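The structure is shown first.

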Amino acid sequence: MDERPASSDWLTAQQKYWDAWLDLTRQSLAFAVPGEAPGPAAEGLRRWWEAVAPAVPPPTQELFGRLVDLSRPYLEMAEQFADRTSEDSGAALDQWLDGLNQTFGATERSAASTSGPDAPAAAALWELPLDAWRQAVSALLPIPGDVLKSAKQADAVRVRVELKDKRDRLLSIPGIGYTRELQEQYQQLWRRVADYVEALQHYDLAFVRLGRRSIENFRKRLDAAAARAPIDSLRQLYDLWVDACEEMYVEYVLSDEYAALYGRLINALSAVKQQSSVLLDDMLEGMNLPTRREIDTMHRRIHETRRENRTLRADLERLNERLERSGTASSTDSKPHRKTKHH
Amino acid sequence: MASPRIPPDQALREFTNVSQKLSEGVHNLLRVREIPTGVTPKEAIYREDKLTLYRFKPPAAKAQTRVPLLVVYALVNRPYMTDLQEDRSIIRGLLGAGLDVYLIDWGYPDRADRYLELDDYINGYLDRCVDVLRRRYRAESVDLLGICQGGTFSLCYAALHPDKVRNLVTMVTPVDFHTPADMLSRWAKRVDVDAAVDAFGNIPGEMLNWIFLMLKPYRLMGQKYVDLIDRLDDLEHLHNFLRTEKWIFDSPDQAGEAFRQFIKEFYQENKLIQGHLTIGGHRVDLKKVTMPVLNVYAKEDHLVPPQASLALKQYVGTDDYRELAFGGGHIGIYISGKSQKEVPPAIGAWIAERSN
């Protein structure tokens with residue numbers, strides 16, 4: 001029996017489309033003129049996936065989307081190498097690495113984003129930790145986790161420097177009137193959100209710098225690997241690339257500088273969460289609804305009561321045992337032939 | 001820089017191969033049904049709050065030991081990693097080694113559990129599970145197998161209640177939290193854990209997922225999936241991958257107060273080995289761990305560095321201390337074929353030697 005779901009026919013059609021497209025791409029790559037710009041194969045994969053994705057159930061969609069995203073740098077690399085002679089593959093690699101370096105350089109100089117449309121797909125590798133962070137934060141805060149995703153470093157840094165002082169002064173204006181306390185609470189929230197955004201920018205920038213160092217490390221590793229045996233497949237190159245990145249990463253994240261960045265990011269997030277809860281509780285109180293504070297107090301009291309109960313019950317059991325033992329002992333004294341009861 | 005020599009037709013072949021595997025892989029992914037976790041039949045013999053104490057059903061023909069083995073897993077992950085699939089199950093291996101195996105499933109804490117402390121987990125839940133088994137077997141003591149954070153808990157428990165533990169096995173267990181390669185400890189240094197617990201109540205599982213992924217971000221968030229593309233056509237491999245994937249992202253929220261204590265007193269202040277740790281008002285003195293101890297560690301553990309586990313030898317009071325090195329990593333020790341052949345039989349044999 002065919003176990004495939006009903007959407008399978010449509011997917012088969014999509015697969016045929018992809019195969020035909022792939023065939024064309026193969027031909028164009030095989031007959032490409034050396035030195036010309038590579039074909040849009042990696043981009044084609046993305047577009048193909050956008051067409052297929054709606055027919056795929058969400059959990060599978062997420063996994064497969066990830067596979068497509070992560071295979072793009074690999075395919076991008078393949079396109080560049082297929083476009084050159086084997087003697088010229090060093091130039092292809094140089095071109096690829098230079099593209100990455102330029103993206104990181106531009107990001108560091110605050111002129112672009114590593115996830116921008118012009119950035120090489122491989123630059124997205126350094127976005128992975130930040131992407132995972134954004135996803136985690138989305139589930140924890142009322143503000144979107146990708147609050148900075150589209151903001152270019154340039155804008156963010158410039159705005160931060162130019163406006164920080166003004167922002168701080170604005171957020172320090174004393175509240176007035178009946179809503180004075182509420183105004184101050186909101187000022188506090190915005191101060192904390194600004195601190196969090198700044199912490200996130202610093203964290204982001206650290207990964208951009210790490211990316212540049214990883215490229216250098218990759219070049220060194222390439223020399224060392226080539227001295228042992230020639231690298232003759234893309235897969236070898238990709239694995240070497242990941243090893244080079246992990247090595248630099250481990251070195252960096254064990255440093256005090258990283259511990260400080262990491263601590264600042266988590267602490268800033270906690271501060272935003274704390275202040276959001278204060279405001280939310282005030283709102284709930286205004287609507288005569290139970291607040292988080294009240295529920296926490298109840299939970300703490302219940303917890304303390306249960307612990308006291310357990311302690312008392314244990315004391316009671318001990319006393320009962322002692323009583324039983326002393327009772328048994330006295331009855332054993334008076335009736336020496338009776339067997340002792342074991343527990 | 002040395003140049004790779006990748007002929008264009010090789011690049012083209014690899015390009016075609018990845019593209020085709022992806023295209024064909026969609027069909028296999030759609031054939032994946034629900035991923036079952038925990039394969040060995042088991043029965044619940046005790047429940048309390050979110051906790052369940054399970055007994056795994058032993059193979060009919062196999063004689064079991066008279067003293068049960070209680071497996072204490074970490075709070076930060078789900079215990080089905082020990083019983084992931086039929087040919088990758090530490091639990092099955094232990095049963096096969098003739099042990100009578102019980103396991104504590106701590107469940108998923110919610111906000112009502114925020115005020116649970118380490119005292120509640122160790123002197124409360126864990127102690128009551130041990131008592132259930134002592135009554136059930138009319139035994140003075142039981143054997144304990146603590147895994148990862150559960151190993152640290154078991155160690156504390158053994159120090160606080162040495163009369164109730166006959167043999168102690170610790171597996172990939174952090175003991176010294178300040179070894180040079182310990183990333184988690186470095187990262188925890190500047191985190192204001194009081195502020196985090198006060199703000200979040202319970203520490204969200206999403207946060208833990210991120211922390212664990214950050215231990216090896218490029219491998220765990222990148223290379224792992226590229227490797228999968230190569231084997232998308234293998235449905236069984238895909239199932240196994242998805243099982244592990246489910247486990248990796250299945251991190252329960254952490255009860256706030258217990259998390260606060262664990263990070264501050266273990267990771268930030270390293271009190272366990274300094275002899276300054278108190279739980280429920282009682283000092284945890286590792287010299288009171290006088291029962292036989294088997295310390296199983298993974299040589300390539302990225303989460304609990306081997307040195308963090310091996311420190312145990314210096315601090316315990318027992319004369320019967322042994323180590324078992326596994327040539328793999330923190331995940332491999334649960335699921336690799338090599339581990340199935342080496343680790344459970346060695347634990348079984350070690351316990352059998354100490355069972356009179």
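## Pocket and interface

By residue class, the lining of the largest pocket is made up of seven nonpolar, 10 polar and 24 charged residues. The model is predicted, and the volume of this pocket comes to about 1800 Å³. Its lining counts 41 residues, and those nearest the pocket centre are A:Ala314, A:Glu317, A:Arg318, B:Asp127 and B:Asp131. Two or more lining residues each come from helix 10 (292-334) of chain A and from strand 1 (42-48) and helix 3 of chain B. Helix 10 of chain A provides the largest share, 14 residues.

The two chains also share an interface, in which 97 residues of chain A are in contact with 76 residues of chain B. About 7900 Å² is buried between them, with 66% of that area from carbon and sulfur atoms. The rule finds 25 residue pairs in polar contact across the interface, both residues at pLDDT 80 or more. On the chain B side, helices 1 (8-31), 3 (118-137), 5 (183-188), 6 (193-200), 7 (205-213), 8 (217-230) and 9 (235-248) each supply at least two residues that touch chain A. Helix 1 of chain B gives the most, with 19 residues.

The table lists the classes of residues on the side of chain B that touches chain A.

| Class | Residues of chain B touching chain A |
|---|---|
| Nonpolar | 42 residues |
| Polar | 10 residues |

A salt bridge joins the side chains of B:Glu48 and A:Arg310, at 2.8 Å from N to O.

Notes:
Residues numbered from 1 in each chain as written. Chains lettered and ligands numbered in written order. Predicted model: local features only at pLDDT ≥ 70, side-chain atom pairs only at ≥ 80, totals over all residues. Heavy atoms only, no water. Contact = heavy atoms within 4.5 Å. Buried area = accessible area lost by both parts, 1.4 Å probe. Salt bridge = Lys/Arg side-chain N within 4 Å of Asp/Glu carboxyl O. Polar contact = N/O pair within 3.5 Å; in protein donor to acceptor, adjacent residues only side chain to side chain. Helix = DSSP H or I, 4+ residues; strand = E, 2+ residues; numbered from the N terminus. Nonpolar A, V, L, I, M, F, W, Y, C, P; charged D, E, K, R; others polar. 1 Å grid on protein atoms, 1.4 Å probe; cavity = no way out; pocket = protein on both sides within 12 Å on 5 of 7 lines; lining within 4 Å. Points joined across faces, edges and corners; volume = space filled by probe spheres on them.
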